[in-house]
4 protein chains.
Amino acid sequence: MEKNGNNRKLRVCVATCNRADYSKLAPIMFGIKTEPAFFELDVVVLGSHLIDDYGNTYRMIEQDDFDINTRLHTIVRGEDEAAMVESVGLALVKLPDVLNRLKPDIMIVHGDRFDALALATSAALMNIRILHIEGGEVSGTIDDSIRHAITKLAHYHVCCTRSAEQHLISMCEDHDRILLAGCPSYDKLLSAKNKDYMSIIRMWLGDDVKCKDYIVALQHPVTTDIKHSIKMFELTLDALISFNKRTLVLFPNIDAGSKEMVRVMRKKGIEHHPNFRAVKHVPFDQFIQLVAHAGCMIGNSSCGVREVGAFGTPVINLGTRQIGRETGENVLHVRDADTQDKILQALHLQFGKQYPCSKIYGDGNAVPRILKFLKSIDLQEPLQKKFCFPPVKENISQDIDHILETLSALAVDLGGTNLRVAIVSMKGEIVKKYTQFNPKTYEERISLILQMCVEAAAEAVKLNCRILGVAQASPQVAA
Amino acid sequence: MEKNGNNRKLRVCVATCNRADYSKLAPIMFGIKTEPAFFELDVVVLGSHLIDDYGNTYRMIEQDDFDINTRLHTIVRGEDEAAMVESVGLALVKLPDVLNRLKPDIMIVHGDRFDALALATSAALMNIRILHIEGGEVSGTIDDSIRHAITKLAHYHVCCTRSAEQHLISMCEDHDRILLAGCPSYDKLLSAKNKDYMSIIRMWLGDDVKCKDYIVALQHPVTTDIKHSIKMFELTLDALISFNKRTLVLFPNIDAGSKEMVRVMRKKGIEHHPNFRAVKHVPFDQFIQLVAHAGCMIGNSSCGVREVGAFGTPVINLGTRQIGRETGENVLHVRDADTQDKILQALHLQFGKQYPCSKIYGDGNAVPRILKFLKSIDLQEPLQKKFCFPPVKENISQDIDHILETLSALAVDLGGTNLRVAIVSMKGEIVKKYTQFNPKTYEERISLILQMCVEAAAEAVKLNCRILGVAQASPQVAA
Amino acid sequence: MEKNGNNRKLRVCVATCNRADYSKLAPIMFGIKTEPAFFELDVVVLGSHLIDDYGNTYRMIEQDDFDINTRLHTIVRGEDEAAMVESVGLALVKLPDVLNRLKPDIMIVHGDRFDALALATSAALMNIRILHIEGGEVSGTIDDSIRHAITKLAHYHVCCTRSAEQHLISMCEDHDRILLAGCPSYDKLLSAKNKDYMSIIRMWLGDDVKCKDYIVALQHPVTTDIKHSIKMFELTLDALISFNKRTLVLFPNIDAGSKEMVRVMRKKGIEHHPNFRAVKHVPFDQFIQLVAHAGCMIGNSSCGVREVGAFGTPVINLGTRQIGRETGENVLHVRDADTQDKILQALHLQFGKQYPCSKIYGDGNAVPRILKFLKSIDLQEPLQKKFCFPPVKENISQDIDHILETLSALAVDLGGTNLRVAIVSMKGEIVKKYTQFNPKTYEERISLILQMCVEAAAEAVKLNCRILGVAQASPQVAA
Amino acid sequence: MEKNGNNRKLRVCVATCNRADYSKLAPIMFGIKTEPAFFELDVVVLGSHLIDDYGNTYRMIEQDDFDINTRLHTIVRGEDEAAMVESVGLALVKLPDVLNRLKPDIMIVHGDRFDALALATSAALMNIRILHIEGGEVSGTIDDSIRHAITKLAHYHVCCTRSAEQHLISMCEDHDRILLAGCPSYDKLLSAKNKDYMSIIRMWLGDDVKCKDYIVALQHPVTTDIKHSIKMFELTLDALISFNKRTLVLFPNIDAGSKEMVRVMRKKGIEHHPNFRAVKHVPFDQFIQLVAHAGCMIGNSSCGVREVGAFGTPVINLGTRQIGRETGENVLHVRDADTQDKILQALHLQFGKQYPCSKIYGDGNAVPRILKFLKSIDLQEPLQKKFCFPPVKENISQDIDHILETLSALAVDLGGTNLRVAIVSMKGEIVKKYTQFNPKTYEERISLILQMCVEAAAEAVKLNCRILGVAQASPQVAA
């Protein structure tokens with residue numbers, strides 16, 4: 001059986017930290033599972049998957065019938081940036097034991113969250129190949145720094161858009177190790193479109209809600225400017241209350257600031273407002289149906305600017321968190337969301353529209369491409385990454401092997417009719433010969449032979465020969 | 001007092017992990033200390049500085065009369081890659097408390113070691129500006145991945161060579177935040193050349209040793225191929241024993257594999273061999289004199305390919321650890337150091353030569369440039385990094401502010417001689433007017449006015465106006 | 001100035017982890033602050049004080065105007081026992097840096113929570129004296145193991161009840177280092193009784209509530225049997241709903257199981273039930289008023305069995321968590337709280353009663369006693385703890401110093417009329433003399449002198465002398 | 001198959017941290033392995049086993065053919081007390097994942113080192129039964145605090161000496177859960193005595209050494225007084241150099257101070273002194289032979305005061321580290337080892353003697369006893385520890401169940417000849433009856449019945465009945 005140029009199955013470790021990355025990783029995991037002749041799959045679960053406040057989303061993985069090999073608590077409580085760093089630290093303290101036990105050939109890591117940085121750091125330092133999903137994108141936040149740092153640690157890249165691919169190449173990643181596959185979540189997205197969606201909509205938004213007549217809101221804290229992002233969330237809720245449409249509000253990701261946002265929701269009475277439904281988690285396939293048929297999606301979730309375009313649903317993107325992202329025309333930005341009124345106007349403009357569907361983020365065939373890419377990985381290739389910098393001028397220093405090839409001696413034949421000097425390489429090849437009539441007197445001979453040697457030595461440099469000594473020629477050389 | 005465009009001193013935190021990074025950071029620290037009107041300095045010491053086996057090099061910092069604010073144990077024992085990852089984790093668990101206490105404006109981080117990655121990760125996630133020293137270089141090892149990952153997390157870059165600067169720009173870092181300063185250690189190097197060096201040489205190598213007649217050896221394990229690098233170290237020691245010159249051997253850095261190398265030294269009896277001196281640490285200013293006057297330096301230390309070129313001392317660089325680095329012509333590579341003989345030949349070729357001095361890595365003025373660069377940092381500027389990717393095509397999506405400027409209405413004046421339609425912006429400006437004679441019949445009027453509206457609406461798109469409604473014109477508009 | 005037998009102030013570090021321990025530590029901290037000539041106080045805050053879900057209770061400490069020297073995130077998320085252990089680990093990784101920085105003479109630690117074990121472990125291993133508050137008590141849960149383990153690590157004990165004192169002595173702690181002070185919270189309790197309490201009651205329970213006509217409920221998970229304790233909580237809420245009195249429910253401590261209990265509260269609709277008020281935290285001085293005037297307190301909080309007795313308020317103690325505790329007669333146990341009905345009956349029995357006040361846990365003078373105890377600590381005394389085990393028989397082995405005192409020689413005087421042998425100690429004392437007439441013949445003399453030496457050597461053992469040699473007596477000895 | 005009162009094998013986890021604890025645990029592990037019908041064994045290796053400087057002693061476990069399930073790096077570098085605490089922390093961060101994976105019924109932990117405290121803490125908090133080996137002993141150092149703290153966390157105790165057993169009982173541990181087994185290492189010790197020992201002695205001490213004519217030295221740092229213990233080590237080495245006998249010196253345990261001691265050894269030239277052999281590790285069975293036939297053992301190792309007594313080999317115990325331990329008469333203490341001369345004299349006194357063999361620490365049958373004890377553990381028994389404190393007076397508070405049994409009513413029968421009042425329990429039993437003639441007038445009747453009720457109520461208290469109400473008697477009661 002021919003597998004990956006290797007003679008055994010590829011041991012793939014997929015590590016997932018939260019509902020968001022799982023929505024991208026799950027399609028790949030399902031794909032890997034369908035090819036047991038080629039792959040062995042180990043699943044590691046960490047981060048907010050295991051946290052009650054965030055819906056214990058590890059249960060989704062169990063429901064999807066994957067064996068979870070390892071569960072690691074990696075979140076340090078504290079709701080600020082310090083806790084985030086400490087959480088990365090906790091993961092790094094624990095992951096090596098797991099990786100030493102599983103010994104994967106390759107680890108698949110997704111995205112740009114702090115947990116992903118921990119995964120990539122541990123795998124890179126432990127000489128385990130990393131396949132990074134969704135590198136090269138630009139959102140305009142601290143996530144960019146993390147995402148690009150992961151890119152630098154990763155050995156293989158699966159990117160979702162043509163721009164992302166260009167960015168990876170721009171950042172000097174090796175083109176041969178970049179796959180433009182599209183976003184894996186799009187496979188499911190595009191194949192899931194025609195299901196009986198009304199029952200799902202009713203389940204999450206109430207029996208009396210109509211298609212295209214409700215809003216989905218999902219806003220995360222921006223960790224580089226928590227205070228501002230909480231203010232923005234307040235304004236958004238106010239605008240949504242005024243707008244007076246049935247609205248599903250999802251709880252934010254577990255980031256610095258998230259607790260504060262939950263508190264804002266409570267203060268505004270969102271959990272008990274008749275127009276609102278506040279939930280921690282919606283299974284991805286149901287979430288797809290909800291946004292596909294929403295009158296509008298609002299917030300700063302990457303999902304809004306990425307997945308939702310596939311359905312042409314209008315999106316209002318608030319603030320700068322996704323500002324750099326590629327989007328379809330369905331997205332209306334409110335970059336500077338500083339008044340309730342501005343957000344309200346955006347809602348009036350977007351609500352209920354239908355835009356053309358966009359394929360920027362995928363055409364529904366990402367997973368087969370990724371599986372093929374995985375199979376093509378040659379474990380015999382050096383682990384060491386190459387970075388493809390534009391050419392810089394040659395180093396002046398040399399390698400001994402190169403010199404050894406050109407190490408030479410001057411072979412001198414003093415006898416007979418002619419004086420002969422030859423540049424002879426270490427391997428015995430005569431690189432160049434010099435011949436002169438043998439003068440009569442001893443003084444003349446010495447003088448001539450020295451002159452010939454000097455000339456040969458000078459020319460040797462041009463011939464890339466390094467003269468190490470002078471010896472009397474052996475007969476075959478002299479011949 | 002004018003300070004950094006800010007109205008107070010810049011709080012600079014320098015974190016140092018080992019003797020190697022301290023040799024680069026110390027000159028900057030001394031510089032910072034000379035300008036107390038501009039800077040406040042906090043020194044954090046971690047990593048192998050605090051480890052007995054590596055010479056307790058934190059004492060150098062005390063001897064240099066810097067106050068050490070914080071000392072952190074961050075090394076997990078284990079001598080393998082797992083321990084290295086866990087050490088990064090330990091540092092990340094501990095650093096946030098320190099950074100929260102010190103609240104620096106900027107953290108200065110050097111190089112490409114795992115400890116530096118921990119420092120950069122913690123500062124980046126905690127929204128503390130990072131100045132990274134020595135980014136953009138290429139060595140061809142796992143260090144490259146770490147170095148470039150730190151680059152992605154860092155906000156400001158001080159690089160040492162023209163190539164490094166080019167690489168940083170190539171990787172899409174913001175040119176405005178890159179300073180080509182040269183290597184800070186070169187300042188000291190180039191100003192320290194004429195001291196009474198013989199007493200130093202005698203102290204470390206014995207009373208009977210002569211200038212240019214001894215060797216300095218410094219080899220580190222290569223963490224991506226530990227086994228091979230230990231083999232190479234064995235061959236090197238054998239070659240040095242055969243070569244039979246007085247040799248100073250420095251203990252390797254504390255990396256996965258270092259213990260194994262120390263064991264090889266013991267096995268070969270290096271510590272008690274009359275030709276060898278084995279030491280854990282040489283103060284940097286003395287080390288300079290030692291390599292400046294050595295007959296040859298051998299190993300795979302970055303120092304060999306970087307600093308030593310300044311003196312024209314011959315260097316033999318073993319293996320691939322520094323293979324990608326820029327060097328002067330004084331460096332002879334033995335990339336594939338697979339036989340004792342090959343290393344021995346390299347020693348014969350290089351020992352005792354004098355090469356022209358090289359300024360690739362610095363001209364002796366790095367520190368003043370760095371201080372000026374630090375002063376120019378504007379703390380009011382957004383912390384968020386910009387990455388300078390080549391242009392990609394425009395997004396199709398829009399921002400609400402842009403729309404608000406162009407939001408328009410069609411103002412319709414139905415009365416009198418003429419029918420008039422105008423495109424009127426939110427701000428009340430008439431963007432364009434249309435006028436037609438008022439037909440007689442009501443049906444004709446309606447038909448004409450609709451036609452005019454359709455025409456105006458179509459043209460509005462070209463005029464970047466978004467027609468929101470139709471209203472009867474107020475007199476002043478109609479006028 | 002006379003201070004503690006020492007010539008400087010005593011550096012006291014108080015570390016507090018949650019609202020519960022702070023209610024005991026705060027009175028001591030206030031006391032320490034009133035004597036700046038004797039004490040320096042450093043406050044370290046960790047654990048659930050810093051967690052939003054538990055009310056960010058570190059703010060109480062700030063409001064009490066203490067400088068918080070250090071704040072440490074030490075809680076790992078996970079809501080199970082594993083997370084609790086990891087939290088202890090996290091604290092232990094971080095505390096040494098703090099202790100090395102503060103270098104306290106003594107650390108004050110309270111209680112039996114996992115955080116306290118971390119504090120005691122770090123201080124004990126770092127040779128810092130530990131004063132443990134509230135040791136020796138018995139609750140009948142895993143807390144007992146932790147509390148007694150802390151006792152073994154602590155150097156000084158402040159206990160609250162006569163039984164606790166007896167238990168500490170029973171466990172072989174040194175009686176001299178045990179202070180029976182009473183519970184520090186009682187000082188405040190007993191002095192706070194006559195304030196205007198109705199405004200406090202109305203603030204927390206509503207305007208229409210009457211004195212003695214409401215319930216305070218506070219139940220924590222039992223970590224050794226989480227499932228059962230959640231079931232019990234459900235039954236309790238059902239009983240309280242049936243009982244139909246205004247009830248203040250406090251959120252549980254952050255322990256394994258606490259999240260589950262919060263969920264139960266939500267499921268039962270407690271947060272929105274007109275009879276219930278659910279709160280995270282009540283300041284201790286207000287809490288005192290609330291329980292002092294409640295119709296009944298119910299739950300398994302230590303507060304119920306300890307503090308509340310001071311007011312004679314009826315308490316219903318549920319389950320086994322406090323079962324071993326000493327209580328006043330105001331406490332009715334429902335050890336096996338397995339039916340709603342049983343709890344309901346207990347409510348009917350207890351609600352509205354008034355019991356005599358109990359002084360088991362304190363007479364209101366704990367803090368002055370503790371301050372006096374602190375001042376009496378002699379830092380010159382060895383840090384090493386003595387454990388006071390009942391006597392065991394003597395070791396057979398000996399100490400060299402003892403032997404040296406009894407090292408002896410036989411001094412032999414051969415000349416003159418008499419033969420004399422003496423056992424002479426190292427110090428020159430004659431322990432015993434032997435005298436015989438000097439026989440005539442040489443053979444007889446030798447025979448006799450040997451016989452005398454044998455006799456002396458045999459007797460030396462009884463005299464605890466160890467004969468090392470034989471020497472000719474000096475005149476004065478022989479005399 | 002009847003197993004432990006349970007219906008399945010007992011899952012035993014043995015965790016070993018260093019060569020010292022492995023010498024005690026290995027015999028038990030071998031025993032467990034011989035009974036696969038009763039036990040499943042998981043081996044966890046951590047601490048200094050995995051450290052190169054301490055001989056990578058995990059290899060002993062592999063050579064003994066045990067499967068190592070998990071290896072954890074748990075040592076933080078730093079050679080001081082802070083590092084020790086952080087190492088405990090690191091272990092606590094990592095162990096829960098392992099324990100959650102292995103789910104042992106019982107964990108076996110040995111001794112009094114900081115690593116053992118980490119093991120016991122994690123198991124206790126995770127509700128895993130702990131069997132502690134070697135509790136109850138007294139050495140007079142910080143180890144005592146740790147050992148007794150572990151005792152408080154442990155559920156079962158295997159102790160080695162009668163005194164240790166007494167101490168455990170004194171500290172209020174449950175006598176039923178204490179096994180006096182003797183030290184497991186003695187089993188091997190006493191069965192290993194007659195082997196061909198000379199080849200072993202020659203291997204470690206040289207070909208020319210004779211039985212009883214060499215010294216074994218093993219000294220550890222005392223972590224509560226590192227400075228002093230290093231001084232003592234210096235004096236010891238000086239004394240040994242003067243004493244001029246062939247001496248085997250073992251490297252100290254990895255504790256705070258150990259590095260300093262290794263440095264002292266180097267300074268004194270021990271590693272190259274002809275009389276000395278310095279080694280990191282001797283396999284336990286060979287070590288037995290070495291000490292069994294030594295002229296003397298010197299140091300402060302527990303081995304000296306424990307194991308060596310079995311052979312009657314003279315021991316010189318230095319300092320206070322083992323001062324409280326039970327010993328045979330073979331031990332000579334030099335408690336205050338403050339001069340070289342004193343140590344030298346002790347050497348002169350002890351070297352070459354032969355003492356009677358001692359069985360204080362074991363009779364060679366510990367392992368069978370321990371296996372039987374393990375089998376007797378009933379997993380159905382509550383995990384919660386009981387502490388056996390001397391009796392304290394009864395609590396005044398009551399339990400509802402007790403009350404329910406005694407809840408009563410007064411049954412009143414007003415009709416016929418007699419007035420009757422009965423105290424009737426909840427269960428329907430008549431506890432006491434009162435009968436009076438029925439007076440004529442209504443007023444008399446009411447007066448009498450009230451009087452009877454008052455009397456009955458008063459008496460009910462003495463009868464432990466709690467009158468809840470008054471009811472008209474049903475016929476059968478009245479009968």
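1. Starting with one residue: Leu450(A) sits in helix H16 of chain A, residues 442-462 (helices are DSSP runs of H or I, at least four residues, and strands are E runs of at least two, numbered from the N terminus). Leu450(A) counts as exposed because its relative accessibility is 52%; the cut-offs are over 50% for exposed, under 20% for buried and partly exposed in between, with a 1.4 Å probe and protein chains only.

2. Please keep the basis in mind: this is a predicted model, where local features need pLDDT of at least 70 and side-chain atom pairs count only at pLDDT 80 or more, while totals for chains, interfaces and linings use all residues. Residues are numbered from 1 along each chain as written, chains are lettered from A and ligands numbered from 1 in written order, and side-chain values use heavy atoms, without hydrogens and water.

3. For chain A as a whole, there are 17 helices and 18 strands. Buried residues account for 64% of its 479 residues.

4. Now the pair of chain C and chain D: 74 residues of chain C contact 74 residues of chain D (heavy atoms within 4.5 Å). About 6000 Å² is buried between them, with 66% from carbon and sulfur atoms; this is the accessible area (1.4 Å probe) that the two parts lose on being put together, summed over both. On the chain C side, helix H3 (residues 81-102) gives the most, with 13 residues.
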